[in-house]
Amino acid sequence: MRLQEDFYLRDVLEVAPNLLGKTLVRQFDNGKCLRVDITEVEAYRGTDDLGCHASKGKTERNKVMFEHGGLVYVYLIYGMYWMFNVVTGKKDDPQAVLIRGITGADGPGKLTNLLSIDKSFYGENLVTSKRIWIEDNNTKPRYKTTPRIGIDYAGPYWSKIPWRFIIDEEMR
């Protein structure tokens, strides 16, 4: 069953670990449908979080984060990799979950490449989209937490906070 808006309207620290094990569905224009399980995520929590794009205020790049939960936030890094994020929380409380890993693709760049996710997905509504959504498959995997990756610029506190959630294969 497709996740509904109320799932996404919660705080990112509730949504992020709850996304683990959920099924990300990508319906392609050619009729092919790909279903993958989410295995790794990172939480980014608002204007106080110096690792979050919203920490510098609302910009053209991050404005979708200031909308309601359930929308897609994609951005390009290194001029070549699209990052796929799920906006969470209520309007004007910018939060997002970076989807870092899925079955079949470890790493956010590999994920968007496999699923053919690009700039055209910016602002897509996961509740109503015909080409991408997330389904609940009633699994609640055990997970571990670690610091987020690649945000040393945010300083020692924000770069070390354990807001990266990974399915723990050893605990399955």
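## Arg 10, Glu 14 and the model

Glu 14 has 42% relative accessibility, so this residue counts as partly exposed. Arg 10 and Glu 14 form a salt bridge, with their closest N and O atoms 3.7 Å apart. A salt bridge here is a side-chain nitrogen of Lys or Arg within 4 Å of a carboxyl oxygen of Asp or Glu.

The model is predicted: local features need pLDDT of at least 70, side-chain atom pairs count only at pLDDT 80 or more, and totals for chains, interfaces and linings use all residues. Residues are numbered from 1 along each chain as its sequence is written, and side-chain values use heavy atoms, with hydrogens and water left out.

Helix H2 buries Val 12, Val 15, Ala 16, Pro 17 and Leu 19. Helices (H or I, at least four residues) and strands (E, at least two) are DSSP runs, numbered from the N terminus. At the start of H2, a side-chain oxygen of Asp 11 comes within 2.8 Å of the backbone nitrogen of Leu 13. Just after H2, Gly 21 has a positive phi of about 85°.

Lys 22 sits in the loop between H2 (12-19) and strand S1 (23-27). Lys 22 counts as buried because its relative accessibility is 4%. Its side chain reaches back to the backbone oxygen of Asn 18, at 3.0 Å. Neighbours within four places in sequence aside, Lys 22 is in contact (heavy atoms within 4.5 Å) with residues including Leu 3, Phe 7, Val 36, Asp 37 and Ile 38. Ile 134, Glu 135, Asp 136, Asn 137 and Thr 139 are also among its contacts.

## Strand S1 and its partners

S1 is mostly covered, with four of its five residues buried. S1 pairs with strand S2 (residues 33-45) in the antiparallel sense over five bridges. Two strands pair if DSSP finds at least two bridges between them. Val 25 has Arg 35 as its bridge partner in S2, and Gln 27 stands opposite Cys 33. The S1-S2 hairpin has five residues between its strands, and Gly 31 takes a positive phi near 95° there.

S1 is also joined to strand S7 (residues 132-135) by four bridges, running antiparallel. In that pairing, Arg 26 stands opposite Ile 132.

## Strand S2, S5 and S9

S2 and strand S5 (residues 95-102) pair antiparallel over seven bridges. Glu 42 has Leu 98 as its bridge partner in S5. Three bridges join S2 to strand S9 (residues 164-167), again antiparallel.

Gly 107 lies in the loop between strand S6 (105-106) and helix H3 (108-114). Neighbours within four places aside, Gly 107 is in contact with Arg 100 and Gly 101.

The structure holds eleven salt bridges. One of them joins the side chains of Glu 42 and Arg 100, at 3.7 Å from N to O. This pair links distant parts of the chain: Glu 42 is in S2 and Arg 100 in S5, 58 residues apart. Both Glu 42 and Arg 100 are buried.

Asp 49 forms a salt bridge with Arg 148, with the closest N and O atoms 2.7 Å apart. This link too spans distant parts of the chain, 99 residues apart: Asp 49 is in the loop between S2 and S3, and Arg 148 in the loop between strand S8 (143-146) and helix H4 (156-160). Asp 49 and Arg 148 are both buried. Salt bridges with shared partners join Glu 40, Glu 42, Arg 100 and Arg 164 into one network.

## The loop at Tyr 78

Tyr 78 lies in the loop between strand S3 (72-77) and strand S4 (81-88). Tyr 78 counts as exposed because its relative accessibility is 71%.

Methods: Buried < 20%, exposed > 50% of the residue type's maximum accessible area, 1.4 Å probe, protein only. Polar contact = N/O pair within 3.5 Å; in protein donor to acceptor, adjacent residues only side chain to side chain.
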